[in-house]
Number of protein chains: 2
Amino acid sequence: MAHLEGLGFVVDGFDRGSYRREDPVEIARLRALDDARALLIVRDMPVLRNTANGFDSLMPISEIEALGGARVEALLGFVANGAPIFVALLPDEAVEQRSDLSDGFLDRRILVVPGREDLKLIDLRSVAVGGLVPHQQAAMLAAAKALMHWHARHGFCANCGAPSDVAAAGWRRDCKVCKATHFPRTDPVVIMLAVEGDACVLGRQPRFPKGMYSALAGFVEPGETIEAAVRREISEEAGVACDAVRYFASQPWPFPASLMIGCFADARGRSLKVDRVELEDARWFTRDEAMALIERRHPHGLTAPTPVAIAHHLLRQWAYEGVKFG
Amino acid sequence: MAHLEGLGFVVDGFDRGSYRREDPVEIARLRALDDARALLIVRDMPVLRNTANGFDSLMPISEIEALGGARVEALLGFVANGAPIFVALLPDEAVEQRSDLSDGFLDRRILVVPGREDLKLIDLRSVAVGGLVPHQQAAMLAAAKALMHWHARHGFCANCGAPSDVAAAGWRRDCKVCKATHFPRTDPVVIMLAVEGDACVLGRQPRFPKGMYSALAGFVEPGETIEAAVRREISEEAGVACDAVRYFASQPWPFPASLMIGCFADARGRSLKVDRVELEDARWFTRDEAMALIERRHPHGLTAPTPVAIAHHLLRQWAYEGVKFG
């Protein structure tokens, strides 16, 4: 997928080994292997190790116990050379909040592992945007973070309220009271570029960096197709009626556990009615403007998301290559 | 989408009115309108009314109280003429299990509403396959069933174990103890036809009707793209390595709450290694055989799914029109 160069959290050649999850003896054997490694998550953040060559998120298994033991552990899968990769959710108490005065005047709150200057907690979005770890590690961290976010917020059985137990090497939770089984959640989200002739619709949420516009997005609801969700979201948020919808590509987006489904939508016209509850603004951009956003030379200083996000690739594909419907 | 003729649970022109869910006064006003109607769900089954013209699932709102009141109610949306459609989850006790001796010798257990000969409970799969209600009603029932299945099994907060409350006109559950908010779950599932030259892979699960083969399928996991999930599932279940993946179409599949994402996968060769835990069988079918399956004239009596299922359309598209990758 050369046209998706830089798309974050996407990796091939990682074997999840899902068929091996049901055998606790095998899991213990894999965990004891010399080449086994662990990704560490605490308070929704990955733990990185500062090395001479930059950051590394793959830790020796022994770090799990050194940092207070795991609340939950999972077998994430196997890298190409066969080494098993685990993920451990550390207790919240493994880290402390401190003031970061490193830039001299701005008092930011950061998380630190007490007594471990070699470890650093950086939110996964910044890790990916900054390219702080190899692409494959960022992708493994995405799966790790989404899975551990689910465990952290699903300690109880939604069916009966009893505490539930981790099962299947971290990929299931079982309730011993009502016998319900619970699987990790992945929320499908449509993210779409509505286009009409030489223009497309972008919007901005209040939380976006200043001047950034992106593709609109929203959750797929029960009983809805991808295509219907695209049409509904673009209509609700921007008042744009669309006909044909064309799938483009997908991306895991672990904030907290979304599957981004990127699509183009064929707009009927250039009407616009912005939902000011959801969006700070939305507008039509010409193809020339879209190129200027991507190339960071827009006359008003506006920008588009970086290549980490699928929105960048939707915009790039349409601006430079065009899109055909039907 | 003429090429998806008969695809079940898919409808356009139904307005979910999601922006109106937060106003309880407005919801009460809509519910009191003369043209408001309710879909009824009990024990995962839709309640149908027997009329002179066949079955109807749209009931007067008054039926909710007549049948014991709702455990949960939701505003599903609005049909084209603006009439609001609600869905009510009835208490399990609203129905009784009886023996069905209607065919003279086979004792099947069925659910009935005591004293209401005009009402019938039929599982939604049979409703759709049999075309028992208009296409749009089946699609609304899919959303209704998925949403009510979620409520029925999520009465407690997964974060703290306390009972949670219905909010947002039935589209959210709030925990007043830990303040967590919970949204209905939709599970993305990939369903794929791996093809190589003039052949494709189909498999059968033990629960399938005798002789039926279908496209393979599996849940998308946290941190996984649609494309990676397709390649993983076809590799795990059938031992077939695939390169390019092409999206085809999507379908809500409320058993219990899936979003089926239909794809084609470009197989590297015709190897096969069937996972006998997941599948009873899998095999390569030629294009001629695929046509015979669809047209119900396969020499060994084998069949493919009906047009209700997206698997039918994947197979039909490939067999009669072909598929291009890249």
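How many residue pairs are in polar contact across the interface of chain B and chain A? The rule finds 26, both residues of each pair being at pLDDT 80 or more; a polar contact here is a pair of N or O atoms within 3.5 Å, where within protein one must be able to donate a hydrogen and the other to accept it, and residues adjacent in sequence count only if both atoms are side-chain atoms.

1. Ground rules. This is a predicted model, with local features needing pLDDT of at least 70, side-chain atom pairs counting only at pLDDT 80 or more, and totals for chains, interfaces and linings using all residues. Residues are numbered from 1 along each chain as its sequence is written, chains are lettered from A and ligands numbered from 1 in the order in which they are written, and side-chain values use heavy atoms, with hydrogens and water left out.

2. The interface. Chain B and chain A each put 47 residues into the contact (heavy atoms within 4.5 Å). About 3800 Å² is buried between them, 54% of it from carbon and sulfur atoms; buried area is the accessible area (1.4 Å probe) that two parts lose on being put together, summed over both.

3. Salt bridges. Look for 6 of these across the interface, counting a side-chain nitrogen of Lys or Arg within 4 Å of a carboxyl oxygen of Asp or Glu. One of them joins A:Arg16 to B:Glu221, with the closest N and O atoms 2.9 Å apart.

4. The same surface serves both, as 100% of the contact residues of chain B recur in chain A.

5. Backbone spots to check. In chain A, a cis peptide bond with omega about 0° joins A:Phe255 and A:Pro256, and A:Pro256 sits in the loop between β16 (242–253) and β17 (258–267). Chain B has a cis bond between B:Phe255 and B:Pro256, again with omega about 0°. Strands (E, at least two residues) and helices (H or I, at least four) are DSSP runs, numbered from the N terminus. Also have a look at A:Phe9, which has a positive phi of about 70° although it is not a glycine; A:Phe9 is in the segment before α1 (24–31) of chain A.
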